[in-house]
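Hi,

Here is the structure I said I would pass on.

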Amino acid sequence: MPRHGLSKSRIIAWKQCPKRLWLQIHRHDLLEVSDGVEHGFQIGYEVGDVAQGLYPNGILIKDDDDLSTALTSTKLAMATYPNRPIFEATFQHDGVLVRADLLLPTETGYRMAEVKSSASVKPYHIDDCAVQAWVIKQNNIALTSIELAHIDTSFVYQGDGNYHGIFRHEKLDDVIYPLLKMVPDWIHEARRTLSGGEPSIEPGAQCDDPFECPFKAYCSRDIEVQIQPEYSLDVLYRMHTKSKDALRAKGFKDACLVPSEFLNETQQWIQRVSQTGVAELSPDAGISLAGFSYPRYYLDFETINLAVPRWVHTRPYATQVPFQWSCHIEESRRQLQHQMFLDVSGNDPRRLCAEKMLEVLGTDGPVFVYFQAFEKGRIAELAALYPDLAPALHAINLRIVDLLPIARANYYHPEMKGSWSIKAVLPTVATDLRYDLLAVGDGGDAQAAYREILHPNTPDARKQELTEGLREYCKLDTLAMVRLAWFFQGIPVNEGHE
Ligand code: SF4
């Protein structure tokens with residue numbers, strides 16, 4: 001059989017799904033990388049840069065698409081500078097190529113450390129390190145330990161450019177060594193897959209585990225229309241996966257056909273609305289809003305939780321830093337004005353964010369949000385950070401009114417498909433407001449846009465485009481709440497001032 005060149009990532013792709021590797025090599029044209037996966041790559045690059053920055057005397061083996069130069073440079077660096085760390089050391093054995101993130105010299109060899117942007121060791125990291133270690137050991141390099149360096153979320157950045165302590169190095173020798181003897185079999189089987197025809201594998205749990213597969217669109221092209229009913233069991237709100245599996249095992253795939261004894265009250269409501277196709281709105285929604293005074297405020301935050309913290313006293317992934325808020329203010333019934341805060345300077349945005357918000361929200365009037373745990377949590381964090389602002393911030397939290405439970409208790413439309421997220425609800429009450437037409441269309445996009453704006457290599461024109469995208473997106477989030485509140489109260493929209 002032909003001897004296909006392999007790499008660590010190709011072997012890991014094969015372990016996820018043999019068909020994935022086959023498509024990657026033979027039908028690369030079908031590959032569709034989602035924005036989420038692309039953002040994940042960017043975070044990985046940032047984390048990799050920080051890891052290298054911790055070893056100022058390290059030697060980077062450049063790739064530049066020239067494999068043989070990278071292989072030669074690695075040998076040369078190890079021979080010439082045996083006491084210096086090496087980044088991206090490149091090795092090959094049996095046609096398998098690997099690049100080691102960190103090789104750290106010890107008295108008797110090297111510590112091999114793979115750097116990951118995750119906050120813990122995942123099962124696929126073990127296979128990853130096993131392939132890496134196998135190839136390196138076949139090159140007769142003594143590995144004194146095999147480690148995975150992942151982000152330590154307890155690390156607190158002091159704002160001084162010092163990232164020592166951001167990685168936790170987990171020694172994996174005990175789990176990797178028993179696996180090394182299996183690596184040749186993986187290589188053989190991966191090559192066997194590549195030499196045959198397209199594997200016949202149906203989409204399943206492997207398509208998202210451990211990574212979102214870039215061939216999902218191709219593999220599921222016929223399935224959705226053929227098999228999926230309009231209302232799958234996934235519309236049954238908060239039904240446990242095990243219960244859905246049990247229903248599927250009994251032959252139920254359509255939420256409309258599930259016997260009521262398997263459904264709770266909310267799920268029966270969803271089923272009824274899905275069957276009739278007629279949305280239901282209880283007058284209680286409007287009644288619950290009628291008593292609130294004006295001005296009414298509609299508030300939403302956008303936040304970022306960076307893998308590599310950049311502001312003082314923030315932790316990787318763990319600190320949600322608000323960098324933007326939008327607020328629609330309904331001065332009196334249907335009389336709207338809009339205020340916004342957005343800091344794209346790269347400075348710590350939190351103090352200004354809190355101060356401007358206090359200015360705009362004043363001291364009276366309900367503050368409507370959608371899912372109060374998020375906004376209240378951020379406001380409480382700002383209060384803890386700035387004791388001088390704490391009384392005013394805590395007072396804001398006392399004024400918060402959550403529209404989500406009101407919606408969940410009183411309104412359901414068949415197109416919501418089991419979700420009360422604002423993005424599911426809005427198209428059913430305000431068809432003129434569209435998230436899907438925006439450059440920044442959801443919270444994930446907003447985080448990615450902000451991260452890109454802060455990146456020093458982002459051109460100004462692109463920064464402006466992304467900043468405008470953030471403005472439109474956050475504004476729509478609060479306008480969506482306004483429109484939902486009006487819808488609940490029966491307030492006509494087309495006479496409003498937006
Ligand atoms: S989408 Fe699923 S079935 Fe298709 S190649 Fe990827 S993992 Fe395999």
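**Around the ligand**

The ligand is surrounded by 13 residues, and the closest are Cys 17, Arg 20, Cys 207, Cys 213 and Cys 219. Two elements give two or more residues to that shell: helix 2 (18–26) and helix 8 (216–219). Helix 2 gives the most, with three residues. By type, the shell divides into eight nonpolar, two polar and three charged residues. Do keep in mind that this is a predicted model.

**The whole protein**

Zooming out, the protein has 498 residues, of which 33% are buried. I get 19 helices and 14 strands for the secondary structure, and the C-alpha trace spans about 75 × 60 × 40 Å along its principal axes. As for contacts between residues at least 6 apart in sequence, 68% of them join residues at least 24 apart.

**A helix pair**

Next, helix 5 (residues 123–138) and helix 6 (residues 173–180). Their axes are 9 Å apart and the packing angle is about 65 degrees, with helix 5 passing helix 6 in a right-handed crossing. On the helix 5 side, the residues that meet helix 6 are Ile 126, Cys 129, Ala 130, Ala 133 and Trp 134. Helix 6 meets them with Val 175, Ile 176, Leu 179 and Leu 180. The residues of this contact come out as nine nonpolar, with no polar and no charged ones.

**Backbone details to check**

Which peptide bonds are cis? One joins Asp 209 and Pro 210, with omega at about 5 degrees. Pro 210 sits in the loop between helix 7 (183–195) and helix 8. Another runs from Tyr 294 to Pro 295, with omega near 0 degrees, and Pro 295 is in the loop between helix 12 (283–290) and strand 9 (296–304).

Asn 140 has phi near 60 degrees and is placed in the loop between helix 5 and strand 6 (143–151). Lys 417 has a positive phi of about 45 degrees, and its loop lies between strand 14 (411–412) and helix 17 (422–429).

Are these two buried or exposed? Asn 140 counts as exposed because it has 6 other C-beta atoms within 10 Å, and the cut-off for exposed is 12 or fewer. Lys 417 has 16 other C-beta atoms within 10 Å, so it is partly exposed.

Cheers

Notes
Residues are numbered from 1 along each chain as its sequence is written. This is a predicted model: local features need pLDDT of at least 70, side-chain atom pairs count only at pLDDT 80 or more; totals for chains, interfaces and linings use all residues. Helices (H or I, at least four residues) and strands (E, at least two) are DSSP runs, numbered from the N terminus. A residue is buried if 20 or more other C-beta atoms lie within 10 Å of its own, exposed if 12 or fewer, and partly exposed in between; C-beta atoms are placed from the backbone. Two residues are in contact if their C-beta atoms, placed from the backbone, lie within 7 Å. Axes are lines fitted to C-alpha atoms, for helices over the stretch in contact, and angles run from 0 to 180 degrees between N-to-C directions. A crossing is left-handed if the near helix is turned anticlockwise from the far one by less than a right angle, and right-handed if clockwise. Ala, Val, Leu, Ile, Met, Phe, Trp, Tyr, Cys and Pro count as nonpolar, Asp, Glu, Lys and Arg as charged, and the others, Gly among them, as polar. A residue is near a molecule or strand if its C-beta atom, placed from the backbone, lies within 6 Å of it.
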